[in-house]
Amino acid sequence: MLTRDEIQYIMDNSAADTARLLLGAKPAGINVPFCVKCIEARKKMKIKAPHWHSIPSLVYPFSVSVEQGSSQATALFKQQLIQELLHPSVDINEKLSGRETVIADLTGGMGIDSYFISQIADTHYYFERNTELCEATAYNFRELGANNIIVSNRDITEDNCAALEELKGKGIDLLYIDPARRDKTG
């Protein structure tokens, strides 16, 4: 999603006035508006999710997703709670032997929760209804090396449970749901 030149542009301009970047000269081969979104998001992610901030190639298409996404500390707390719920006698740093652990996040968003929760699962399903956010998060998971996450661009509603049909027979141990807190008017 980001070229090497765009990653370098983001890193070189991490402290720049982003309004000036948008109004200034546009370097060839650089999607400046998208890079500016990433610069602004990375400023927030530095405190919110330091591990994600440490990976300069990650993308952030929507500021609301960054704002509503869990912090790293919160995601790690959820990871610990889920570990204790599913496997109370196993240390969080130990890999569970025997049966595979399968978790599904039905309201994926930015994917911060999914990323950290996936570290205690053998297979983790991530569902997100917004196509652009889903594609960006799939890219981020690859950049983070989270190879056990299966990404699906699906919506979970009362009328449309296609994702649940997709999960039938997968041996799901836990369904995780943390929906957006804003309505259609914001």
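Q: How many disulfides does the count come to?
A: A disulfide is a pair of cysteine sulfur atoms within 2.5 Å, and by this rule the count comes to 0. For C35, the nearest cysteine sulfur, that of C38, is 6.3 Å away, so C35 is in no disulfide under the 2.5 Å limit. This is a predicted model, in which local features need pLDDT of at least 70 and side-chain atom pairs count only at pLDDT 80 or more, while totals for chains, interfaces and linings use all residues. Residues are numbered from 1 along each chain as its sequence is written, and side-chain values use heavy atoms, with hydrogens and water left out.

Q: Why is C35 called buried?
A: Buried means under 20% relative accessible area, exposed over 50%, and partly exposed in between (1.4 Å probe, protein chains only). C35 has a relative accessible area of 0%, and is therefore buried.

Q: What makes strand β2 largely enclosed by the rest of the structure?
A: Strands (E, at least two residues) and helices (H or I, at least four) are DSSP runs, numbered from the N terminus. In β2 (residues 123-127), 5 of the 5 residues are buried, so the strand is largely enclosed. T123, Y125 and F127 cover one side, and H124 and Y126 the other.

Q: How do you know that β2 and strand β3 pair?
A: Two strands pair if DSSP finds at least two bridges between them. β2 and β3 (residues 149-152) have 4 bridges, in the parallel sense, and therefore meet this rule. Within this pairing, H124 stands opposite I149 in β3.
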